[in-house]
Amino acid sequence: MSALSSRIAGLGHYVPKRRVDNAEIEARLGLEEGWIEQRTGIRTRHWAAPGESLTDMAAHAGSMALDHASIDRATVALTLLATSTPDHLLPPSAPLLAHKLDLQASGAIDLAGACSGFLYALALADGFVKAQGRPVLVVAANILSRRINPQERASSVVFADAAGAVVLVPSRDRQSGIVGVDLVSDGSAYGLISIPAGGSVCPFHPGLEQDASYMTMQDGRAVFKTAIGIMTRSAAQALRHAGISSDRIDRFIPHQANVRIIDAVCDELAIPLEKSVCTIGEYGNSSAATIPLSMSLANRERPFAANEQLLLAAAGAGMTGGAVALRMEEPLPTIP
C-alpha cells in the first residue's frame, strides 16, 4: 500500500567508549597544543575498541532508533546501511545488521556514498516508503580509526568512529517528511580523498605497501573549497524544490567535516550560525554517520517539534554530495 509521504518516527546513535583527545594526536604528530582545534574545531573524538565491529556499532544505533519509533520490528521492510568501512568487502554488512536487530522480514543492502551516504540512503528510503507503504531503517556507521594513516596529518586529525540511525514510516500528510532533495556528484574531483588499494584497480597482493590500504587526502584546500561549493549549491536547490526560504529553516544539520566549512555554508545560505547543529567538537568527523548522530543528539537536547523545518547537507569523497529539506509531521519524544 503506497503512502503520500514518509515521516521520521525514531532516531538513534552510538559512539564507542574510548575517547581520544587532541593532545594524544598532537603529541604523536609533533604538533603544538591547540593546533587541531584551531584548524578544525575538533577537541576530541571516539574510536572503536579492538574487536568492536562496524555492525556492532550500527546495531546499537539501529536498536535505539527502532525503540524510539515504538514500532513492531516485523514491519520493517528494508534496512539500508551507509558505510565506507563494512565488516568485510564481501559479503555486505547490512544483512548481518538486520539479523542482529532481529529484522526477519527486512531486505538489507550497503550503500557506499562516503560522507554523503546517509543523505543518499535517506532519499532512497523515502521513495521505498512512498511506493511500498512500509517502514525503513536507515543506519550510517563508520570505523574510520582503522583506515587513517597515523602519520598523515590531514586525515588522522579529523576522522572518528560513530553510528546514527533513522526510522522512516508511512504518512498520509503530503506536506510533511522529505519535501526537497538534491543529490549531486563531481567526478572531476574523484581522487581527492581515497583508499588506493582494495578495489579491482589495485587489489590486495603480497607486495602491497601498507600505506596503500590507508585513507589519504591529496589536497586539503581543494577538498575544503569543493565541499563548501557542493553543500551550498545542493542546499539552495533542495530549498527551492521544497519552496522554503533559508530564513524559514529552524535547524540546519550539516555534515561535520570541519567547523570552518559549516561556518562558510551558513554564511553562503544566510542561515544564522546559531541555527546549525554542531557536534564536531566532541565527536569529530565520522563521515556518513555525522548527520544522523547529530540529529539524534539534537533531539535529546531539544526534541524536534511538529512542523519544524530542517535542512541537511553533506559533501565527501567522490566527490558526492547533496541536501535534504525536511518538515516534521509530529513531535518526537526525547531520547533517553
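Student: Which residue does Glu308 form a salt bridge with, and how far apart are the closest N and O atoms?

Tutor: In this predicted model, Glu308 forms a salt bridge with Arg251, and the closest N and O atoms of the two are 2.6 Å apart. The pair links distant parts of the chain, since Glu308 sits in the loop between α10 (290-301) and β12 while Arg251 belongs to strand β11 (residues 251-254), 57 residues apart.

Student: And is Glu308 buried or exposed? What about Arg251, buried or exposed?

Tutor: Glu308 counts as buried because its relative accessibility is 7%, and Arg251 is buried as well, with a relative accessible area of 4%.

Student: How many salt bridges does the structure hold?

Tutor: The structure holds nine salt bridges. Among them is the one in which the side chains of Arg7 and Glu330 meet, at 3.5 Å from N to O. Arg7 lies in strand β1 and Glu330 in the segment after β13, so this pair ties together parts of the chain that are 323 residues apart in sequence. Glu330 counts as partly exposed, because its relative accessibility is 34%.

Student: Okay, switching to domains: what does the domain assignment give?

Tutor: The assignment for the protein chain gives domain 1 (5-171) and domain 2 (177-328), and the C-alpha centres of domain 1 and domain 2 lie 14 Å apart.

Student: How many residues are in contact between domain 1 and domain 2, and how much area do they bury between them?

Tutor: On the contact side, 51 residues of domain 1 are in contact with 50 residues of domain 2. The two domains bury about 4000 Å² between them, with 65% of it on carbon and sulfur atoms.

Student: What's the count of salt bridges and of residue pairs in polar contact between domain 1 and domain 2?

Tutor: Between domain 1 and domain 2 the count is one salt bridge, alongside 16 residue pairs in polar contact, with both residues at pLDDT 80 or more. On the side of domain 1 that touches domain 2, several elements each supply at least two residues, including β1 (5-14), α3 (54-69) and β7 (161-171), and α5 gives the most, with eight residues.

Student: Now the nonpolar side: which residues touch the most other members in the largest nonpolar core?

Tutor: That core has 42 residues, and those that touch the most other members are Ile36, Val157, Phe159, Phe252, Val265 and Leu311. The largest share of the core, nine residues, comes from α7.

Student: Why does this core lie between domain 1 and domain 2?

Tutor: It lies between them because domain 1 (5-171) and domain 2 (177-328) both give residues to this core.

Student: Back to Ile36, which residues does it touch, not counting those up to four places away in sequence?

Tutor: With that exclusion, Ile36 touches Asn22, Ile25, Glu26, Leu31, Gly41, Ile42, Arg45 and Val157.

Student: Where is Asn22, and is it buried or exposed?

Tutor: Asn22 has its place in helix α1 (residues 22-29), and Asn22 counts as buried because its relative accessibility is 7%.

Conventions: Residues are numbered from 1 along each chain as its sequence is written. This is a predicted model: local features need pLDDT of at least 70, side-chain atom pairs count only at pLDDT 80 or more; totals for chains, interfaces and linings use all residues. Side-chain values use heavy atoms; hydrogens and water are left out. Helices (H or I, at least four residues) and strands (E, at least two) are DSSP runs, numbered from the N terminus. Buried means under 20% relative accessible area, exposed over 50%, partly exposed in between (1.4 Å probe, protein chains only). A nonpolar core is a set of buried Ala, Val, Leu, Ile, Met, Phe, Trp, Tyr and Cys residues joined through side-chain atoms within 4.5 Å. Domain bounds come from an automatic or database domain assignment. Contact means heavy atoms within 4.5 Å. Buried area is the accessible area (1.4 Å probe) that two parts lose on being put together, summed over both. A salt bridge is a side-chain nitrogen of Lys or Arg within 4 Å of a carboxyl oxygen of Asp or Glu. A polar contact is a pair of N or O atoms within 3.5 Å; within protein, one must be able to donate a hydrogen and the other to accept it, and residues adjacent in sequence count only if both atoms are side-chain atoms.
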